[in-house]
Amino acid sequence: KRLLAGLTKTRDNFVKNMDYIFRGFTNIDDEFYEELEEILIMGDIGVTTTENILEDLKRKVKEQKIKEPAECKELLIESIRQQMDIGEAAYEFENRTSVVLVVGVNGVGKTTTIGKLAAKLRAQNKKVLLAAADTFRAAAGQQLKEWANRSQVDMIGGQEGSDPASVVYDAVSAAKARGCDVLLIDTAGRLHNKKNLMEELRKINNIVDREFPEAYRETLVVLDGTTGQNALNQAKEFSEVTDLSGIVLTKLDGTAKGGIAVAIQAELGIPVKYIGVGESIEDLEKFNAEEFVNALFY
Ligand code: GDP
């Protein structure tokens, strides 16, 4: 399975630690719980989510009168699943006329993700258009253009320093005129200037609302999985700037910090929709919490 292959490092780390905790301990006592807590936190599950998981686990252990550490492994898995359970992630934009805004700071893999998504949609016979609305960085438009070529879709861009909103206006007009199914918009991710970013995204959203009211809307935030807790913080900051409908967690192939997916989905209540598991065009997978948790333990 590609999902498993992409999660090797996270999985190896977790499986080893779980083996240690469930085989190495003979009693379910404070020491056991402390060790488990440390392993979950070190595994980037996040402090808050870890506390919630342990509280739930302790309650279940008590209720079911479990005595052996090995017996509570399944309960732990169940608790993690429950923390992540925020309902089915919807992929409606894949089947409707949609405008997808993609946000995220520089370097997280935003352009790559847009390219991969475009290729995925193209493979489903969708007509895709890209908009290079990150007009702040000179290279951004050029880089997106390369991905547009690679995934064989068109792109609308603007001059460096031009108004992102005007690029979006042109892109929306083109998407409607050409009968496109999905318009993917790359935006500048200047989180260090939140007020400007908020204003820029608000303007972009207004234009889409006004010019393309019938389109289904989605805002995805791209986060670098290798940054662990930092990714969680970025997700929080972006959610303060604009409404987010989904998360893309990239670079999980190179990190043992994949547990951050649990923390992000549980703490923010926003579904992780895709994970990036490599640099190639096909290295984007739909995220499934159930499969993900299974991959961590078995
Ligand atoms: P942007 O600045 O956010 O647009 O980031 P880019 O799309 O340019 O990606 C930054 C770097 O991360 C590039 O070298 C990409 O090849 C790499 N990258 C993106 N996604 C992944 C992924 O899922 N796995 C790995 N290993 N590398 C990735």
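Two strands are taken as paired if DSSP finds at least two bridges between them, where strands (E, at least two residues) and helices (H or I, at least four) are DSSP runs numbered from the N terminus. In strand 6, L249 is the bridge partner of L223. The model is predicted, so that local features need pLDDT of at least 70 and side-chain atom pairs count only at pLDDT 80 or more, whereas totals for chains, interfaces and linings use all residues. Residues are numbered from 1 along each chain as its sequence is written, and side-chain values use heavy atoms, with hydrogens and water left out.

- Eight strands form an open sheet of mixed pairing, in the order 3-2-4-1-5-6-7-8, with strand 3 (154-156) and strand 8 (284-286) as the edge strands, each pairing on one side only.
- Strand 5 (residues 216-224) and strand 6 (residues 246-250) run parallel and are joined by five bridges.

**Helix 7**
- Helix 7 (residues 138-150) lies across strand 2, strand 3 and strand 4, contact meaning heavy atoms within 4.5 Å.
- Its direction runs at about 170° to strand 2, with axes fitted as lines to C-alpha atoms, for helices over the stretch in contact, and angles from 0 to 180 degrees between N-to-C directions.

**Helix 8**
- Buried residues of helix 8, among them P164, V167 and A171, have under 20% relative accessible area (1.4 Å probe, protein chains only).
- The cover over these buried residues includes strand 2, strand 3, strand 4 and helix 9 (194-211).
- Helix 8 is followed by G179, whose phi is positive, near 65°.

Conventions: Buried < 20%, exposed > 50% of the residue type's maximum accessible area, 1.4 Å probe, protein only.
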